[in-house]
Amino acid sequence: MSIETSIGLDTGQPYPYRRAELVEPDWTRFPGWKDVTAAEWESVQWQRAHCIKNVRQLRTLWGDLVDEAFYEDLERDQAERATMSMLVPPQMMNTMAPHLTGGQTRRAQWTEAMYADPIRRYMLPVFSDRRTDWPSHPHATRDSLHEHDMWVAEGLTHRYPTKVLAELLPTCPQYCGHCTRMDLVGNSTPVIDKLKFSGKPVNRHAEMLDYLRRTPMVRDVVVSGGDVANMPWPRLEEFLTSLLEIENIRDIRLATKALMGLPQHWLQDDVRAGMERVARTARDRGVSLAMHTHVNHAASVTPLVAKATRAMLDAGLRDVRNQGVLLNGVNADPHALLDLCFTLLDGAQIMPYYFYMCDMIPFSEHWRVSVADAQRLQHHIMGYLPGFATPRIVCDVPFVGKRWVHQLADYDRELGISYWTKNYRTSIEASDPEALTRTYAYYDPIHTLPETGQDWWRRHAGDNLAEASRSAAASRVAAEAQALLPLS
């Protein structure tokens with residue numbers, strides 16, 4: 001039952017805060033799970049064994065609840081657009097259209113609800129979701145953040161002066177359609193032939209640790225992948241224990257969407273006991289150990305997610321934080337963002353931390369928002385949450401890194417090109433004298449531009465885009481500056 005707070009719907013505020021009780025949707029409403037028991041549902045082995053990996057398995061689960069046209073739409077996307085293979089745990093599948101019941105609801109209602117569902121939109125994208133005018137931005141790339149360019153050991157990205165990203169493995173318990181590491185993570189798809197790590201895991205991890213021992217400037221390690229929930233706990237604990245033995249390491253962050261997508265993993269007795277051991281060592285050494293998860297919609301936060309979060313906090317983690325992604329059709333709305341933040345904070349003790357703008361990977365234009373829209377969203381969520389729990393909306397600028405969306409140096413809204421500067425060198429810029437004075441470009445979705453800007457991109461899409469777009473923007477800035485000069 002919903003718990004309405006004292007500031008209700010009639011206060012006149014743009015956003016009416018209300019605290020809602022978390023609910024685990026009824027999985028038996030799906031024909032394929034009508035006989036699944038609560039014990040099975042809470043078993044991580046059952047969850048992993050019953051992930052949805054293809055359209056055939058989805059048909060078995062949903063049956064004729066949705067129209068045949070939906071399955072065909074999904075199959076076409078898998079064949080022509082998907083950069084990630086299909087992998088959805090039951091836990092996540094169950095949060096799609098949670099308000100609908102089984103046979104009591106007509107097929108048309110189910111189909112409409114599934115097409116509109118925010119979690120379905122990014123976990124099971126269909127062809128009709130995608131844009132047909134600009135399915136990909138002309139500047140879209142497989143490794144849009146150039147993380148591989150900054151590898152100092154295979155899988156170890158050193159972009160920021162004091163921080164590194166350690167990709168321990170290339171798999172996850174679930175695959176999000178918008179994954180920024182779509183060039184490496186998961187199975188190959190008909191449109192993306194995935195890269196593969198060449199070294200054995202034990203050798204790669206040893207090389208990472210060796211680099212960190214030799215680089216005392218690094219104090220902060222994001223342990224990621226993929227998803228650390230896919231790494232057998234003894235191997236993960238061994239890596240973390242070795243990391244804690246390095247004197248210069250002061251912060252460790254474990255990255256796992258599975259806290260939401262497969263909370264059953266983090267509720268296993270051996271994992272909880274192991275986390276207690278690691279957290280105790282971290283605490284004794286004065287190292288901050290935290291967990292970062294990835295939740296994009298309030299419907300994803302269920303009692304099991306809250307229970308798993310509580311288990312990790314009880315094990316001794318300093319904090320559990322959320323890094324969501326701004327996605328059209330999912331959460332790119334002030335109310336949806338605030339609903340998510342309050343549900344995380346009130347319902348599961350997860351700290352709203354960042355919302356990233358969706359990166360410029362292939363076939364992502366239907367998800368992406370402009371920098372102007374991101375700034376608007378940041379404005380609209382301010383003042384409702386506690387300051388410490390108000391997430392920053394950030395743009396991950398290629399060759400730069402995270403920048404708060406109001407930090408841009410210049411912005412050509414007609415061409416949708418924003419310019420950014422930085423105050424540090426990445427690991428590939430040690431000898432670059434212009435690294436700290438250069439401006440770096442980021443590109444809005446073309447369909448968000450005025451018609452004049454869209455027309456420019458249509459005419460120049462086949463040109464040397466990096467040079468053409470920079471020249472066009474520079475000409476516009478010069479013309480605007482000239483117009484401001486006093487008449488002689």
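What radius of gyration would a compact globule with 488 residues have, and what does the protein chain have? The globule would come out near 23 Å, and the protein chain has 23 Å, so the two agree. Please keep in mind that this is a predicted model.

**Overall fold**

- Along the principal axes, the C-alpha atoms of the protein chain occupy a box of roughly 80 × 60 × 50 Å.
- Buried residues make up 59% of the 488 in the protein chain.
- If you take contacts between residues at least 6 apart in sequence, 75% of them link residues at least 24 apart.

**Nonpolar cores**

- In soluble globular proteins, nonpolar side chains tend to be buried together.
- The largest nonpolar core here holds 141 residues, and the members touching the most others are Trp62, Met93, Val223 and Trp266.
- Another core, of ten residues, lies apart from the largest one and includes Met84, Cys172, Cys179 and Met182.

**Histidine 292, in a strand**

- Strand β6, which spans residues 288-293, contains histidine 292.
- Why does histidine 292 count as buried? Its relative accessibility is 6%, and the cut-off for buried is under 20%.
- The side chain of histidine 292 makes a polar contact of 3.1 Å with the side chain of glutamine 323.
- Leaving aside residues up to four places away in sequence, histidine 292 touches Arg253, Leu254, Ala255 and Thr256, as well as Arg321, Gln323 and Tyr353.

**Histidine 297, in a loop**

- Histidine 297 sits in the loop that runs between β6 and α13 (303-315).
- With 18% relative accessibility, histidine 297 also counts as buried, given the limit of under 20%.
- A polar atom of the histidine 297 side chain lies 3.0 Å from the backbone nitrogen of alanine 299.
- With residues up to four places away in sequence again set aside, histidine 297 touches Pro118, Ile119, Val330 and Leu340.

**Helix α15 and what follows**

- Helix α15 covers residues 371-381, and its buried residues are Val371, Ala372, Ala374, Gln375, Leu377, Gln378 and Ile381.
- After α15 comes glycine 383, which has a positive phi, near 95°.

**A three-strand sheet**

- Strands of a sheet pair through backbone hydrogen bonds, either parallel or antiparallel.
- In this open sheet of three strands, the order is β11-β12-β13 and the pairing is antiparallel.
- β11 (410-412) and β13 (440-443) are the edge strands; each has a single partner strand, so one side of each lacks a neighbour in the sheet.
- From one strand to the next, the twist averages 20°.
- Three bridges connect β11 with β12 (residues 417-420), and aspartate 412 has isoleucine 417 in β12 as its bridge partner.
- The antiparallel pairing of β12 with β13 extends over four bridges, with tyrosine 419 opposite alanine 441 in β13.
- In a regular strand the side chains alternate between the two faces of the sheet.
- Which residues of β13 point one way, and which the other way? Tyr440 and Tyr442 point one way, Ala441 and Tyr443 point the other way, and all are buried.

Terms used. Residues are numbered from 1 along each chain as its sequence is written. This is a predicted model: local features need pLDDT of at least 70, side-chain atom pairs count only at pLDDT 80 or more; totals for chains, interfaces and linings use all residues. Side-chain values use heavy atoms; hydrogens and water are left out. A nonpolar core is a set of buried Ala, Val, Leu, Ile, Met, Phe, Trp, Tyr and Cys residues joined through side-chain atoms within 4.5 Å. Buried means under 20% relative accessible area, exposed over 50%, partly exposed in between (1.4 Å probe, protein chains only). Helices (H or I, at least four residues) and strands (E, at least two) are DSSP runs, numbered from the N terminus. A polar contact is a pair of N or O atoms within 3.5 Å; within protein, one must be able to donate a hydrogen and the other to accept it, and residues adjacent in sequence count only if both atoms are side-chain atoms. Contact means heavy atoms within 4.5 Å. Two strands pair if DSSP finds at least two bridges between them. Axes are lines fitted to C-alpha atoms, for helices over the stretch in contact, and angles run from 0 to 180 degrees between N-to-C directions. The radius of gyration is taken over C-alpha atoms; the globule rule is 2.2 Å times the number of residues to the power 0.38.
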